[in-house]
Amino acid sequence: SLVSNPARALLLAAQAQATVPTTASDSALLGALSSLPLARLQQHGAAFQALAVGSKSDALLLSDVRGAVLLGEIGKPALDTVVPPASGLNLYAAVHALAFAPDGRSWAHAGSSREITVHTGASTRSMPDGDKIGETTVVYVFGLAFSPDSMTLVAASSSGSSGPATRGTSA
């Protein structure tokens, strides 16, 4: 591969695609993904929906359209399924947003399930996204970001609102 730093290339390509989704940014993202030394990416049975790269490590989170979240490391050949895909007909299964805390101890995921889930070590905490308007209104979280001190998680939703989802996420 001609890419000297696959993690940085992936992060830049993902940011470009999220900022201005064009054919060129899609191609850049696919090129960055193909430069990763992860053999299972090509064998995965569903389209990927979101990704996050750890800021202090080579940790990688990927989610797919079925709601599965996979965790791995850049340079390692395998990904572990840390959130299994939804079974049956589940219209609220997709995971649209992933984020690592800067301290590396926590990560979060959210999407169309109307919940934000924070993982710290072996513990998991889920909370409503704060934008439940009604079961007939499609509202989902499409962006998550931790504060630099890892203590606040901010969420942006399709309802047009954004704000702190939780405080004190790190143990």
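Which backbone oxygen does the side chain of Ser63 reach? Select Ser63 together with Val95 to find out: the side chain of Ser63 comes to 2.9 Å from the backbone oxygen of Val95. Keep in mind as you look that this is a predicted model.

Stay with Ser63 for a moment. Ser63 lies in strand β2. Its relative accessibility is 0%, and because buried means under 20%, Ser63 counts as buried. Now show what surrounds Ser63: leaving aside residues up to four places away in sequence, Ser63 touches Ala47, Phe48, Gln49, Ala50, Ala68, Val69, Val95 and Leu98.

Together β1 and β2 make a hairpin, with five residues between them. For a closer look, pick Ala52, which stands opposite Leu61 in β2.

Then move on to residues 69–73, strand β3. β3 pairs with β2 in the antiparallel sense, again over five bridges.

Finally, zoom out to the whole sheet. Four strands form an open sheet in the order β1-β2-β3-β4, with antiparallel pairing. β1 and β4 (79–83) stand at the edges with a single partner strand each, so one side of each has no neighbour in the sheet. Look along the sheet as well: neighbouring strands are turned by 25 degrees against each other on average, direction ignored.

Key. Residues numbered from 1 in each chain as written. Predicted model: local features only at pLDDT ≥ 70, side-chain atom pairs only at ≥ 80, totals over all residues. Heavy atoms only, no water. Pairing = 2+ DSSP bridges. Helix = DSSP H or I, 4+ residues; strand = E, 2+ residues; numbered from the N terminus. Buried < 20%, exposed > 50% of the residue type's maximum accessible area, 1.4 Å probe, protein only. Polar contact = N/O pair within 3.5 Å; in protein donor to acceptor, adjacent residues only side chain to side chain. Contact = heavy atoms within 4.5 Å. Axes fitted to C-alpha atoms, helices over the stretch in contact; angles between N-to-C directions.
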